[in-house]
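Work through the exercises below with the model open beside you, and try each task before you read its solution.

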Amino acid sequence: MSAHGIPESPEFSTGSEREVWENIVKHGREDWTVLANVRLTDPKKDHELDLIVLIPDVGIVVVEVKGGAVYVDGDGQWRLAQKGEDRYIHPVDQARDGKYAVREYIERDPRWRNSSRTRVRFGHSVVVPYTDLADDFETPDCPRWSIHDRADVKDLVGRLWDVPMKQETGHRVPTQEDCELIVEILKGRGLPQRSVLAEAQELEDRADRLTVEQATILKVTRLINRVEVRGGAGSGKTLLAMTQAKSLTRGGQGVKPQRVALLCYSIGLASWFQRYFDGENRKNRPAFVGRFEEFAKFLGVEEFGTRDDPEFWESRLPEQMAELVDALPPGKKFDAIVVDEAQDFADLWWTPIVRALRDEEESGLYVYSDENQRVFARFGRPPVPLVPLILDHNLRNTRQIAETFGSLTPTRMISRGGDGPEVTYLPCAPEDAVEVADDQIDMLLEEGWRPEDICLLTTGARHDEQTNLQNLLGQEGYWDTFWDKDSVFYGHVLGCKGLERKVVVLCVNDKRAGERSRERIYVGLSRATHKLVVVGEPGLIHEMGGSEVAKRLGISS
């Protein structure tokens with residue numbers, strides 16, 4: 001019998017990873033489990049774990065695979081010669097850091113903590129299947145028995161068996177039950193004793209991991225400097241945009257650190273960007289993070305038109321910015337610009353953005369968009385050709401929520417968000433929608449949800465709570481309340497793209513369907529990660545979202 005591989009048919013970015021996977025699965029014992037392509041994001045960095053081998057009564061081994069010709073130079077630095085390139089690599093660091101990251105992730109899970117389990121034995125190891133190493137090869141960070149070369153892969157299973165026994169002797173060996181629980185935790189299965197908060201947090205943790213698809217796109221964009229990443233709601237575009245901005249800023253893997261700008265349109269999304277990067281090391285923080293309006297201030301614009309003056313925002317302002325950006329010294333321009341929710345950008349906005357790049361041909365422009373979330377009547381496109389890349393996995397929303405808005409996405413999406421409660425639909429007249437939605441907030445709080453988990457979104461007129469806060473605090477102060485721990489957030493679908501809440505009450509309170517109603521209901525339906533409640537008149541929802549959305553909500557035609 002062979003080991004159990006998860007998933008059964010994984011996708012690998014290199015042939016060497018696949019060969020090592022097949023070797024371990026084929027020759028491992030039937031009680032072994034081999035997890036492929038596990039990706040975790042913690043406050044410090046992103047981790048990509050090629051393989052995790054779970055061996056009951058022995059230990060857990062994190063395996064890093066490096067194809068090509070690997071060697072250690074005279075300075076003790078690991079190097080990889082592959083496809084005509086010779087670059088520094090850090091395989092032992094990757095394996096060791098991945099080991100600690102996955103161990104911390106497991107021990108933080110309530111299923112592990114609440115079962116009073118103590119720490120089990122972990123090890124890390126490196127496989128270089130195309131490299132021949134001397135028998136006496138050894139570096140300070142890697143004894144010979146923990147690295148496996150071309151000749152060693154014939155007995156790779158036996159050698160991996162020895163790794164945790166030699167690396168860690170101070171912790172207990174994992175039982176079969178320990179290994180099964182670790183698999184459950186890393187696969188994102190449901191908690192055995194569910195509370196509404198624990199269940200939602202588990203799914204959120206799962207969505208925060210980069211998938212193989214996303215990690216592949218990041219690798220591709222290291223080679224292509226003009227890219228448009230397209231994906232539906234829940235595909236992880238915003239997380240990927242932030243990760244890319246951080247990665248470009250930090251540099252590494254043969255890439256120099258770059259001066260990066262991360263742009264968006266809405267105040268709420270920009271607030272999220274700022275909070276995310278405030279917690280980052282300065283080396284990971286882009287040079288500019290903010291809205292297009294703040295970008296104009298960065299360029300030197302001092303006077304702005306009113307909000308009801310579209311001619312200023314879509315014509316005069318970008319023309320003024322284009323003049324100012326040409327006067328920027330090279331040190332103030334950018335090696336790369338990342339734009340999230342790019343469908344919100346007007347046509348002329350792209351001119352100063354492109355001119356802010358240091359090199360009109362070599363500097364990077366990375367655009368993240370979802371044309372079906374174009375809720376503003378702007379139809380801008382970058383004035384340079386972009387290579388399109390598609391994200392077609394929904395990572396954020398539960399299956400039940402993703403299926404509700406699935407017909408509205410630009411491409412067919414594969415749901416990866418796990419199972420959750422069924423979507424709740426409450427029919428009512430448009431004039432009663434706000435009152436019915438308010439009643440649902442009280443019920444959700446009684447169920448055990450915290451105020452910070454809940455958002456009420458309107459599609460038509462703004463809720464009185466939103467209007468009052470905006471009048472009292474201004475736009476910036478109002479959006480600061482999105483992060484309050486003790487209050488429900490009241491918003492409008494126009495301002496909440498790129499943001500999410502565990503629970504959303506979508507109040508469809510339009511008086512009638514309008515020109516961009518389909519896009520508005522799409523945004524509203526897709527903001528909830530775990531529980532969605534929809535309130536509104538059946539005929540209006542059918543007209544706004546179409547027959548498939550109505551069918552999913554149980555609205556008869």
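Residues are numbered from 1 along each chain as its sequence is written, and side-chain values use heavy atoms, with hydrogens and water left out. This is a predicted model, in which local features need pLDDT of at least 70 and side-chain atom pairs count only at pLDDT 80 or more, while totals for chains, interfaces and linings use all residues.

**Exercise 1.** State how many salt bridges the rule gives, and decide whether Arg144 and Asp149, which form one of them, are buried or exposed.

Solution. Side chains of opposite charge can pair when their charged atoms come close. The rule for a salt bridge asks for a side-chain nitrogen of Lys or Arg within 4 Å of a carboxyl oxygen of Asp or Glu, and by this rule the count is 29. In the pair of Arg144 and Asp149, the closest N and O atoms are 3.4 Å apart. A residue is called buried under 20% relative accessible area, exposed over 50%, and partly exposed in between, using a 1.4 Å probe and protein chains only. Arg144 counts as buried because its relative accessibility is 12%, and Asp149 counts as buried because its value is 2%.

**Exercise 2.** Find which elements are tied together by the salt bridge between Arg291 and Glu476.

Solution. The closest N and O atoms of Arg291 and Glu476 are 2.8 Å apart. Arg291 belongs to strand β12 (residues 288–291) and Glu476 to helix α15 (residues 464–480), so the pair ties together parts that are 185 residues apart in sequence. Helices (H or I, at least four residues) and strands (E, at least two) are DSSP runs, numbered from the N terminus. Arg291 is buried, because its relative accessibility is 5%, whereas Glu476, at 44%, counts as partly exposed.

**Exercise 3.** Describe the salt bridge of Glu403 with Arg552, and name the network that holds these residues.

Solution. The closest N and O atoms of Glu403 and Arg552 are 3.6 Å apart. This pair links distant parts of the chain, with Glu403 in helix α13 (residues 399–405) and Arg552 in helix α18 (residues 547–552), 149 residues apart. Glu403 is partly exposed, with a relative accessible area of 32%, and Arg552 is also partly exposed, with 44%. Salt bridges link Arg399, Glu403, Asp419, Glu548 and Arg552 in a network.
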